[in-house]
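User: Could you walk me through how to read a few features of a structure? I would like the general idea, then the case at hand.

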Number of protein chains: 2
Amino acid sequence: MEIEKTNRINALFEFYSTLLTEKQMNYIELYYSDDYSLAEIAEEFDVSRQAVYDNIKRTEKLLESYEQKLHLYSNYIVRGQYCDDIRTKYPNDAALIELIDQIQAIDEE
Amino acid sequence: MEIEKTNRINALFEFYSTLLTEKQMNYIELYYSDDYSLAEIAEEFDVSRQAVYDNIKRTEKLLESYEQKLHLYSNYIVRGQYCDDIRTKYPNDAALIELIDQIQAIDEE
């Protein structure tokens, strides 16, 4: 599996998993995060390998379409860059760094 | 119409409108943002007043369900409070305020 694609799907999953069905969540998580093969997932859920493959492909498109509409992942990246700029500019201001950490942590709740 | 509810639906609409269908968008925007009556919307789209009402009620629930799953609006509020804290603490640091403004603007693109 391509590492770049794996990383991207895992990142999108972090932001949009709550919008997926339980089945979509399970398949994507097992395949991309837990590195199961399609055959292993198919066996686990007693469905065909093709059914798992089709479901995962559809979910990938759905995750990309949420990102296109809401940009949560790209906003997170941009926000992180601004936060890092501030950390670099004020390395000794612990109170400011604390506030910046809290701003970044909001996304991770 | 209750002003509090109007404000909340308008706020949720800002964050989640891209996830709605065109019809859902149109009805909600005319009703909550442009202050059309149900009867006026019904006439405009040549449907019954009840159909408009049902669609709007369903869309309100959908917007609340997106907020429950993604918390974009409540995150925006919390982030704004941290940003205001920083503005209050460093009123004379124009470069820092500029970075904070940019962090807040990310959500508004």
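**The largest pocket**

Analyst: Happy to! The largest pocket holds about 770 Å³ of space. This is a predicted model, where local features need pLDDT of at least 70, side-chain atom pairs count only at pLDDT 80 or more, and totals for chains, interfaces and linings use all residues. Residues are numbered from 1 along each chain as its sequence is written, chains are lettered from A and ligands numbered from 1 in the order in which they are written, and side-chain values use heavy atoms, without hydrogens and water.

User: What is a pocket, and how is its volume defined?

Analyst: Rolling a probe the size of a water molecule over the atoms shows where empty space is left. On a 1 Å grid over the protein atoms alone, with a 1.4 Å probe, a pocket is an open set of points with protein on both sides within 12 Å along at least five of seven lines; lining residues have an atom within 4 Å of a point. Points are joined across faces, edges and corners, and the volume is the space filled by probe spheres set on them.

User: Which residues are closest to the centre of the largest pocket?

Analyst: Of its 31 lining residues, those are F15(A), L70(A), L72(A), D107(A) and L72(B). Two or more lining residues come from each of α1 (3–16), α4 (49–70) and α5 (72–89) in chain A, and from α1 (3–16), α4 (49–70) and α5 (72–89) in chain B. Helices here are DSSP runs (H or I, at least four residues), numbered from the N terminus. The top contributor is α5(A), with five residues.

User: How do α3(B) and α4(B) pack?

Analyst: Axes are lines fitted to C-alpha atoms over the stretch in contact, and angles run from 0 to 180 degrees between N-to-C directions. Helix α3 (residues 38–45) of chain B meets α4(B) at about 110 degrees, with axes 8 Å apart. That makes α3(B) roughly perpendicular to α4(B) (65 to 115 degrees). In contact (heavy atoms within 4.5 Å) are L38(B), A39(B), I41(B) and A42(B) of α3(B) with R49(B), V52(B), Y53(B) and I56(B) of α4(B).

User: Is Q104(A) buried or exposed?

Analyst: Buried means under 20% relative accessible area, exposed over 50%, and partly exposed in between (1.4 Å probe, protein chains only). Q104(A), in helix α6 (residues 94–105) of chain A, has 17%, so Q104(A) is buried. Beyond four places in sequence, Q104(A) touches G80(A), C83(A) and R87(A). R49(A), at 48%, counts as partly exposed.

Conventions
Parallel < 35°, antiparallel > 145°, perpendicular 65-115°, else oblique.
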